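Here are a few notes to read alongside the model.

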Amino acid sequence: MSFLGTSSIIIAFLLPVTPSQTHFRPPAVPLVTCNPYFSIWSFADRLTYDATRHWTGTKQELHSLLRIDGNQWRLMGDEPRSVQALPQVGLSVMPTRTIYDFQGGGVRVTLTFLTPMFPRDIDLMSWPVTYIIWQVQSIDGKDHQVSIYYDNTAQLVVNTDDEPVVWDKKEASGLDVLKMGTEEQPILQKSGDNLRIDWGYLYAAAPRSSSTRDAVAPVRSAIFSFLRKGSLPEAASATPVTPSAAMPAMAFAFDLGKVGASPVERHLVLAYDQIYSIEYFHQRLRPYWRLKRSSAEDLIQEAERRYPEITQKAESFDRNLMADLEQAGGEDYSRLAALAYRQALAAQILVAGPDGEPFFLPKENFSNGCIGTVDVIYPGSPILLLLNPKLLEASLVPLFKYAESDRWTFSFAPHDLGTYPLANGQVYGGREKSEVDQMPVEETGNMLLMVAAIAHVEGNAKFASPYWPLLTKWADYLKEKGLDPANQLSTDDFAGHLAHNANLSIKAIEALMAYSEVAKMLDKTQEADLYAS
């Protein structure tokens, strides 16, 4: 089962850049990493070597250009090829930020992508928001006239380029806001693996200023207007346009004026309102951030208001977690772990459950597109156990509710909840009908072990208590079936069915001891002694 939030395997290489400096080279660099549908990466060694892409590999282009003293430079994206790329001299990937450094034309540019992925603040972690931040400063002792261009194309709001899109311009409390989405808005009408979202609305917002311009226009027109004149073209009429015919883009131009040795900063807020994110047994669920806000405009205004606080919080969080990781395993380990953090968490989404409780649901990516897969949650659980076990609880509660329902009639744990984003019942193997092609020992062991892990981290078994009859049924199943497992699948389902699987047997043994320990914490002495023996 695949837990990847991008199509690349988390492998890192160190490439020598100068004798005194080495740079990290991930196979895919995280840029916008909010959830499985709002997940944009750079698959290239340099940000200017290729178009930015959704984790599936489909182009979702973000562009950034510079004019320095009238000279044109490319900062992000591989178009237009005729414009020289500003040399990239640094890259750092941290738990909440990706930071690129560039130098050329007498200036240094730092481009930061910040996603407020703070696990202990579940509301903030649910924000579908990434800040894009530019800092420019002179490095040659001279002042330079600088302007910055940014756009994102309509590829971010369509599954395929033949879907017509519409857009609007809004103003909100000191912000200029652009909004874009498909005309049709087929909310939760598709499910599967290699898909992009084509409902809801993308927002790009920047602080209102006399030196900032914005427009929705054909992407080529917007880019070449900036390159020629440092400005944007007239906005296109707000009528439906098919991206394959004339790719519209949401564009901003920032005139920084004269830039000296002191850094000059500009930023914008990129956000995606899915309206409804998940269907859970035919009930549409809102994104979790909607519990406290009535609209995307409210979220964007709050994101802008809290920008100074969130940037400081990101710096502190990244610094502390990276230091802990480096102490645990060294510098290379800390870099790998930061990539794993962004990748694993971007493959999940926080939604408000039927009673407003948090549901934290992963998507299997480039596997079979399942949602809430137990043997995907299990390998991701250490991150959650370390940083906020309540998020692991939020992953398990939807499965417990399903397993307790009349629809799940087996004595073992389910494999999944459906096909993302439709959590309407297991789709793997025998589904709800047959024990054929299930993973009974694998998933049952995983569930018992994760419940015990939560109890150990939290110092009590309160989470387990309401589900005790179900946990007992699963322990009884492993007691009967786990020592010498029958012919069945495991998480390594690519290996096919195996009988007498030692890995599954060991997992069953560990899970029964885990159940015993939880029983002991709940003062259920008889069960604790029985299963410990």
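1. Start with S395, which is buried, at a relative accessible area of 0% (buried means under 20%, with a 1.4 Å probe and protein chains only). S395 sits in helix α7, residues 389-404; helices here are DSSP runs of H or I with at least four residues, strands are E runs with at least two, and both are numbered from the N terminus.

2. Before going on, a word on the source: this is a predicted model, where local features need pLDDT of at least 70, side-chain atom pairs count only at pLDDT 80 or more, and totals for chains, interfaces and linings use all residues. Residues are numbered from 1 along each chain as its sequence is written, and side-chain values use heavy atoms, with hydrogens and water left out.

3. What does S395 touch, leaving aside its neighbours within four places in sequence? Those residues are Q348, F360, I377 and L384, with contact meaning heavy atoms within 4.5 Å. With F360, the side chain of S395 reaches the backbone oxygen at 3.1 Å.

4. Now the sheet: it is open, has 8 strands with antiparallel pairing, and runs in the order β8-β9-β10-β11-β18-β15-β14-β13 (two strands pair if DSSP finds at least two bridges between them). β8 (88-93) and β13 (165-172) are the edges; each has a single partner strand, so one side of each lacks a neighbour in the sheet.

5. For a closer look at one pair, take β14 (residues 175-182) and β15 (residues 201-207), antiparallel strands joined by 6 bridges. Here D176 stands opposite A206 in β15.

Conventions
Buried means under 20% relative accessible area, exposed over 50%, partly exposed in between (1.4 Å probe, protein chains only). A polar contact is a pair of N or O atoms within 3.5 Å; within protein, one must be able to donate a hydrogen and the other to accept it, and residues adjacent in sequence count only if both atoms are side-chain atoms.
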